[in-house]
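Have the structure open while you read.

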Amino acid sequence: MNPHKITDDIYWVGAVDWSSRNFHGYSLSPLGTTYNNFLILDEKVTLVDTVMPHLRSQMMCNVDQVLNGRGIDYLVVNHLELDHAGCLPDVVEKYKPERIYTSPMGEKAMHGHFNAKDWPIEVVPTGSEVTIGKHTLHFIETRMLHWPDSMLTYIPEAKVAFCNDAFGQNIASSERWADEYDRYVLEHSMKEYYANIVLPYSPVVLKTLDALTSMNLDIQYLLPDHGLMFRGDDVGFALDKYLEYAQQKPKKKAVLVYDTMWKSTEKMASAIASGLADEGISVKIMSMKANHHSRVMTEVFDAAAVLVGSPTHNNGILPLMADMLTYMKGLRPQGKIGASFGSFGWSGECVKILNQWLEDMSFEVVGPPVKNKFVPDHDAFAQCYELGKTVAAAIKAKVEE
Ligand code: FEO
């Protein structure tokens, strides 16, 4: 995609990856992704962030087109993860900037990633300002949103905030602005991105939103490094969405996630779901054979309850469930209700192991768990149905409290 003019002097010069489907274990939606970075034409020409290394030529073409023969004086590195900083060595080599501005932790990461000892790095902690001509760069660290080095760069003269990973979505598109794109897909992609990347840092999101409010920044352009960008009224929309996400208020919704060997655990899931649905709870049944853990996590994110099921397998649980639980635990969802179920043939450790995972994630575990030998019969289905009703009561108490 060609460069896109944001203001008279600020251009999008990023790259669109229509084919990307996996980002270090997080399965992107089939929409691909976009890496946004920006060029500011002023007395000191400034490049903000770069893109994923394999998209270097897309970005370089865009940069050169906007530069039209000029050079780059300054670089701003808001985040050192390689999907944004991976082209730094090429940019430094080609343009030989006078200064590279980054956060205190960014400097450390820059040396850790690159042979940067001769680079003209200048550390800009929160509160630092740099004038580049008509524009002033204001730097605000956003540590652990989502890496220690993360920072936001604000330009008051243009009412622009370069917010790096925050407010991103994984969408490849010809459109650059959220107001030009399908709203349902945008909102789903924002939720998916938050649930799979930002969720563990929700307390930092709340603090950052508070800090931005107290700074009273006038933001007309909120420019994340992934996906569609926000302008005008959409800036408030994006900020409100992050407040909602970070608060993790659950919906009257349950996710049943399970794996199964000979369909007994799957049948149990269906009976539990009936107990929940008959009490008016919205239910998603998600087989780990049919769903990537990222898809499941997107549904878990706003659910009040997560019910986990696995048969006993080699005195443990099935590997796809262990994968799911490992992934979920790392993302630290808060305030969930949990319950477990599963079939077994002889040793029957499954629900004990599943409940331990739920307790380790500080879920409010309700039960009793349902464990069934071999194929569930009428009595087993009745226990499952009852577990569904018990979880439904706990959800209603939590969501309506
Ligand atoms: Fe933290 Fe888009 O990288």
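## A serine tucked inside

Start with S189, which is buried at a relative accessible area of 2%. Here, buried means under 20% relative accessible area, exposed means over 50%, and partly exposed is in between, using a 1.4 Å probe and protein chains only. S189 sits in helix α5, and that helix covers residues 183-198. Helices are DSSP runs of H or I with at least four residues, strands are E runs of at least two, and both are numbered from the N terminus.

What does S189 touch, leaving aside its neighbours within four places in sequence? Its contacts are L31, Q169, N170 and I171, where contact means heavy atoms within 4.5 Å.

Before going on, a word on the model: it is predicted, so local features need pLDDT of at least 70 and side-chain atom pairs count only at pLDDT 80 or more, while totals for chains, interfaces and linings use all residues. Residues are numbered from 1 along each chain as its sequence is written, and side-chain values use heavy atoms, with hydrogens and water left out.

## The largest nonpolar core

A nonpolar core is a set of buried Ala, Val, Leu, Ile, Met, Phe, Trp, Tyr and Cys residues joined through side-chain atoms within 4.5 Å. The largest one here has 93 residues, and the members touching the most others are L39, M110, F230 and Y242. Helix α5 shows up again, giving the most to this core with 7 residues. Domain 1 (4-247) and domain 2 (251-395) each supply at least three residues; those bounds come from an automatic or database domain assignment.

Take a closer look at L39. Setting aside neighbours within four places in sequence, its contacts include D9, I10, Y11 and V13, along with V63, V66 and L67.

Most residues other than glycine have a negative phi, and most peptide bonds are trans. A few spots here go the other way.

The loop between β13 (136-141) and β14 (151-155) holds H146, and the peptide bond from L145 to H146 is cis, with omega near 10°. M144 lies in the loop between β13 and β14 too; it isn't a glycine, yet its phi is positive at about 65°. M144 is partly exposed, at 31% relative accessibility.

K159 also has a positive phi, near 55°. You'll find K159 in the loop between β14 and β15 (160-164), partly exposed with a relative accessible area of 34%. Finally, G367 and P368 are joined by a cis peptide bond with omega about 15°, and P368 is in the loop between β22 (364-365) and β23 (370-373).
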